[in-house]
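Take a look at the protein below.

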Amino acid sequence: MTITSDILYVGVNDADIDLFEGQYVVPNGISYNSYIVFDDKITVFDTADKRKTAEWLQNVKRALGNKKPDYIVISHMEPDHSASLAEFLREYPNTTVVGNAKTFAFAERFFGDVAKNKLVVKDGEELVTGKHRFTFVFAPMVHWPEVMLTYDASAKVLFSADAFGKFGIPDADEDWACEARRYYLNIVGKYGAPVQTVLKKAAALDIEIICPLHGPILKENLGYYLNKYDIWSSYRAEDKGVTIAYASIYGHTADAAKLLAEKLTAKGVKTALFDLARDDIAEALEDAFRYDRLVVASVTYDGGIFPAAEMFINRLKHKSYQNRKVAFIENGSWAPLAAKLMRAEFETMKNITFAEHGVTVKSALDAEARDQIDALCAELCSE
């Protein structure tokens, strides 16, 4: 794929992977993006996961022909982008590996001292390869300590590492925002403050093309993508709506959650409903961040929160969930405690507002619980 007259895409698609990072379902696969910039000196940007080393190297060789690369820039040392480095250097041993001090510290841990030639760069430093002038923009904790972006002033291209990436291969027939949101909030979401810092750096650059390490190359309406990242990294709600996430044993807690969802939907409120024991928890987390209101429903289990709900709440906490209104539905046949325990977890999070109304189901839905659902629905609809 040609990005500009002298920048080629040489990445590979992985359509057969079962779980990305060992935990995320990727129905449309994932791509490992890599680029070659041709100039007086030739620069390769990043490699690929070991699952696709042979295919990636074939792409590189085909693009280079008889030419030899002068540099390979390692934007991010996570193995889905760096695992083919050693094999690349066996093929092109005289290539200079470009990274920062932390890049090489990590590289030695993963691969040993495989680089014959190294160029250690600092934040803001430049590498000139002819007409291309690369400026390295450090992005620590977006989402590893060594991450760096590279801005090509000549082509007005930002090689953005994992930033602006998404699940799915580049030509997947799907909306960018959905899988980019799930990707960002689950993988990078904890590091909103560092992302905000990088966005401020990016605002000072004249960018026409963004080349991420996953997903499609972004060439049009860049303000849309930058705005999404600003919303996500500042923990603001993207849309008005209610996410209802429930954990049920015999279906009675599920009945309460579904009834609330039906009533909210009937009143025109956007509602996303998740069974935490069966649905993709990464999707549930994505919508919990997307919408401004959240209802968590859990049966009381062994005097605590049902494990699926407890895991979900822990994931929210780990990803710095904040700035939302939260309500609870609990179930307990003799000692309902789930709502009290769930609230205690959310009280440790920032800027959480709690609904005045909650729902307690005593084994199964009855008239009292239905009245409580009506009251909670009315409160959530008033937002």
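Is Asp292 buried or exposed? Asp292 is buried, because its relative accessible area is 16%, and buried means under 20%, with over 50% called exposed and the range in between partly exposed (1.4 Å probe, protein chains only). This is a predicted model, where local features need pLDDT of at least 70, side-chain atom pairs count only at pLDDT 80 or more, and totals for chains, interfaces and linings use all residues. Residues are numbered from 1 along each chain as its sequence is written, and side-chain values use heavy atoms, with hydrogens and water left out.

Find Asp292 in strand E19 (residues 291-301). Strands are DSSP runs of E, at least two residues; helices are runs of H or I, at least four; both are numbered from the N terminus. Asp292 touches several residues beyond four places away in sequence, among them Ala237, Asp239 and Arg324. Touching is contact: heavy atoms within 4.5 Å.

Now step back. The chain holds 12 helices and 23 strands. Its C-alpha trace spans about 80 × 35 × 35 Å along the principal axes. Of the 383 residues, 57% are buried. Take contacts between residues at least 6 apart in sequence: 70% of them join residues at least 24 apart.

Finally, look at helix H4 (residues 101-111). This helix gives the most to the lining of the largest cavity, with 4 residues.
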